[in-house]
Amino acid sequence: MATNYSWSDYFLMTIDFYQNEADSFFADTVDVDMSALYSKFLSRLPSGTAILDAGCGSGRDSKAFKSLGYEVTAIDASSEMVRRAAEHSGVDVRQSTFDEVTEIEAFDGIWACASLLHVPFEQLPDSMIALRNALKAGGIWYLSFKYGSGDREKDGRHFTDMNEDRFKSLLDTVGELDVLESWVTMDARPDRNEQWLNLLLRRTV
């Protein structure tokens, strides 16, 4: 969808959605069963290692990782989601965008479930490089996008959809990451009929 929006316009629009709809978003997502995705991600990580939950939303996944003995750091750009996530997960959640992450080689794993999809495609390399730099060499990164090939606005949020070819072009720009596995799933929420592109990456250097 062609618009004259800037990156900051997209950012503010999407953050406003989560600020205003925090309660309903929390209720819609906090109890979704993510165990199949956890298994794929965690099977590649040693137990007890450090995970960054990047765009943690309700805190559902941070809570699950903490309960399994992992050392969890969580971020979200919405102050309302930060508050709810911290209360739900018991993790110290900080308000931050992806490109504000400054840690260097601090995490064994990064979990970015349905979060980077709100970054416009042209801005994704900067956000992904900041996160990549926070990942240790050999570290594992899970991320997911709604399946498609364009950028769009829906119900007050920006979405960058992704298919395999589009992601390959993005990864060529970011560098230092290999795709270990990619697969398509249906939305785990019973009222949704959408496909998702799931990816597991490894930092190479």
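Mentor: Before we start, a contact here means heavy atoms within 4.5 Å. Also keep in mind that this is a predicted model.

Trainee: Fine. Which residues does Leu-117 touch, not counting residues up to four places away in sequence?

Mentor: Leu-117 touches Ser-144, Phe-145, Lys-146, His-158, Phe-159, Thr-160 and Trp-196.

Trainee: And where does Leu-117 lie?

Mentor: In the loop between strand 4 (107–112) and helix 6 (124–134).

Trainee: Is Leu-117 buried or exposed?

Mentor: Leu-117 has a relative accessibility of 1%, and buried means under 20%, so Leu-117 counts as buried.

Trainee: Which side chains make polar contacts with the side chain of His-158?

Mentor: The side chain of Asp-151 does, at 3.2 Å. The side chain of Thr-160 does too, at 3.0 Å.

Trainee: What else is His-158 in contact with, leaving aside its neighbours within four places in sequence?

Mentor: Its contacts include Tyr-10, Met-13, Thr-14, His-118, Val-119 and Pro-120. Leu-117 is also among them.

Trainee: Switching to the core. How many residues has the largest nonpolar core?

Mentor: It has 31 residues, and those with the most contacts inside it are Leu-116, Met-128, Leu-131, Trp-141, Leu-143, Phe-145 and Phe-167. Strand 1 (50–54), strand 4, helix 6, strand 5 (135–146), helix 7 (164–174) and strand 9 (195–203) each supply at least two residues of this core. Apart from it lies another core, of 24 residues, among them Val-32, Met-34, Phe-65 and Tyr-142.

Trainee: Take Leu-116 then. What does Leu-116 touch, not counting residues up to four places away in sequence?

Mentor: Phe-98, Leu-124, Ser-127, Met-128, Leu-131, Trp-141, Leu-143 and Phe-145.

Trainee: Last topic, helix 4. Which residues are buried there?

Mentor: In helix 4 (residues 60–67), the buried ones are Arg-60, Asp-61, Ser-62, Ala-64 and Phe-65.

Trainee: What do the buried residues of helix 4 pack against?

Mentor: Helix 2 (22–29), helix 3 (35–42), strand 1, strand 2 (71–76), helix 5 (79–89) and strand 4.

Trainee: And what follows helix 4?

Mentor: Gly-69, with a positive phi near 95 degrees.

Key
Residues numbered from 1 in each chain as written. Predicted model: local features only at pLDDT ≥ 70, side-chain atom pairs only at ≥ 80, totals over all residues. Heavy atoms only, no water. Polar contact = N/O pair within 3.5 Å; in protein donor to acceptor, adjacent residues only side chain to side chain. Helix = DSSP H or I, 4+ residues; strand = E, 2+ residues; numbered from the N terminus. Buried < 20%, exposed > 50% of the residue type's maximum accessible area, 1.4 Å probe, protein only. Core = buried A, V, L, I, M, F, W, Y, C linked by side-chain atoms within 4.5 Å.
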